[in-house]
Amino acid sequence: MQTKTIGLALLTTTMLSGMAMAQDVTLTIESWRNDDLTLWQDTIIPAFEAENPGIRVVFSPSAPAEYNAVLNSKLDAGSAGDLITCRPFDASLALYDAGHLADLSDLGGMANFSDVAKSAWQTDDGSATFCVPMASVIHGFIYNADAFAELGLTAPTTEAEFFAVLDAIKADGSYIPMAMGTNDQWEAATMGYNNIGPNYWKGEEGRLALIAGEQSLTDPQWVAPYATLARWADYLGDGYEAQTYPDSQNIFTLGRAAIYPAGSWEISGFNAQADFEMGAFRAPVQNAGDECYISDHTDIAMGLNAASPNAEAARVFLYWMGTSEFASIYANALPGFFSLSNHSVAMEDPLAQEFVSWRDECHSTIRSTYQILSRGTPNLENETWGASVAAIKGTSSPEDLGAALQAGLASWYAPQQ
Amino acid sequence: MTQTIKASRIRWHIVVFLAPAVLIYTAIMIFPLFNTLRLALYSEVDNVRVFTGLDNFRTLFGDAYWSETFWNALGNNFCFFLIHRLVQNLLGILLAAIRSHPRLRFAGLYRSAIFVPTILSFVIVGFAWKLILSPIWGIAPDMLDAIGLKSLYAPWLGKEEYSLTTLALVSVWQFVGIPMMLIYAALLSIPEGVIEAGEIDGITGASAFWKIKLPLILPSIGIISILTFVGNFNAFDLIYAAQGALAGPDYSTDILGTFMYRTFFGFQLQLGDPHMGSAIATAMFAIILIGVCIYLFGIQTRMRRYQF
């Protein structure tokens, strides 16, 4: 009897919800950001549903490491959600080329995004955009403001000042000047080379010239950052060769190091861990008064499953993602992930404000190796990791590194041959 | 009459008893193996899989970049194996010899302590040793400092010249229990009579070990070596757990397993290429096959066995 009642109750609920569904359109979002599940469920989706009755949204993330594989098999099987969270560049481009992502170039909200913001989700010729940009991460240096105050230092703006500050911290001896290791390799390239590099190759100008084949990796503007990285070695902690990324994070948040070459994604973690005041400064320019360039890297976007039966409703959602309302909710809930739209978004976190303020002072660019240039073998991004590490350790000269990278790139990339 | 019945009867029970093993082995070993070999002959062009014959192998051995990475990985792999063979066998024999000493106390404790790492996961071993050797939190620098040898410490896992040796020794530490147990078992199986006969002829102590025991445990050492060879050339986990898929620093710890993983599944911006990955897997299979054949036909058949 008991079971029968439950069964009946279950049946009724199913039918009821079935009826409700018949009126509403339900959109499902595929994503790898399972960390953001509560943010979507409690903040973003209610805000959207309040404005758009009749559309229900379900956020259904999978594990980050499995996302690409899971998504591909779901798309092939026709069981993927209506909205697809897009990885930048080739992973999403491959989906578009395979016909899994719809062309969104004509979407109303696209006008709210700059060309750099859209470049990560466009075809190579820029003729079609297939994802709505959501957020970028900005590179710079986070510093221990208490330590700087104690030593009477101010945030440097030029390279000479930068090394003067490092020398002063080293001479004092109570802090490790800079917390970075080379064990995991990617920090050296991402927080090293691509952090300071845009000031040398003039951001987008150099990056696009490299893609076009007008500049090469042996040119001084691409080699010089390695020479600067080589000078970093003196200021990293003892045994930095075996220091891992979590080691560096812990050394900094424990207050043992003064400067941390950073990406803005660290902000929320550092806010939770560090019990000292933090500040941030951008990659130093070579001479006072030089134009400055920052790495403002496009990281995450949202696209439309070409096979979605609810394309109309999905476009409504994607349009909403281009509004200032979404930008504001997202940027404040995840400090360090900055909206890519042209709306000015008020953020409360002071460190995030500092990072984002550089956008007004400097030219934005993305990491030099991400678009097109990492499509072949050897993979330029992975090779740059190794080269940046070799530069810091001093195992190769900057010129040799440039020549080796150029040879690798030229071996498969026609414009560089 | 009886003869015809015997000849015509199919012995079904043999088939029935063999079937589970054959089916499972076919499904999870033989089929994937041959499918990998087949996959190596294809390539993906514009989202379509096309048959390209031996092109993948031509790239692997002919292209400057691919072949350099391959030979580097193979060389590292041999290095990894040689360190295992030398250190692991010597340590195994030494530990087994000590353990078989009749007056050793706490023998059971030593056996467990030495054998326990073998059953630990690679992830735990890799992570634990990374912490032990860490220049920042590790106990290795402090321990060396305590005995006044701090100058000997280096961030071993982060230096090109030491990292592979360090990881090989970590792996030896993990697996030395197995040769120890096998050799110990071989030592126990030597009849007392043989040793006593030797004693009567004046062969005692160390020379009894060299002249009587060692020749008798050689077949075990051969088996251990070939198991180590197969294990090392299939190795991947420890390197991946300790150094990541790029097998840093500067590919100095890259072995065939990590090279295959990186190629097959892709890494960071590099998209996975199952066909090239299969070609590397095929090369690994061939190397292991050749190694095992050399052992089987070149060494095992010539090995002298003693009957008592």
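Predicted model: local features only at pLDDT ≥ 70, side-chain atom pairs only at ≥ 80, totals over all residues.
Where in helix H11 of chain B does the kink lie?

Okay, the kink. Helix H11 of chain B covers residues 205-233, and the kink is at B:Leu214.

Now, which residues of H11(B) are buried? They are B:Lys213, B:Ile217, B:Ser220, B:Ile224, B:Thr228, B:Asn232 and B:Phe233. If you look at the spacing along that list, here's the helix rule to have in your head: with 3.6 residues a turn, an α-helix has residues three or four places apart pointing the same way.

And what do those buried residues pack against? Four helices of chain B: H4 (64-99), H9 (177-188), H13 (256-265) and H14 (274-299).

Zooming out to domains. Where they meet, seven residues of domain 1 are in contact with eight of domain 2, both in chain B. On the domain 1 side, helix H2 (12-39) and strand E1 (42-45) of chain B each supply at least two residues. By class, that side of domain 1 of chain B has four nonpolar residues, two polar and one charged.

Last stop, the other chain. Chain B puts 22 residues in contact with 28 residues of chain A. The chain B side of that contact is made up of 12 nonpolar, seven polar and three charged residues.

Conventions: Residues numbered from 1 in each chain as written. Chains lettered and ligands numbered in written order. Bend = angle between axes of the 7 residues up to and from the residue. Buried ≥ 20, exposed ≤ 12 C-beta atoms within 10 Å, placed from the backbone. Contact = placed C-beta atoms within 7 Å. Nonpolar A, V, L, I, M, F, W, Y, C, P; charged D, E, K, R; others polar.
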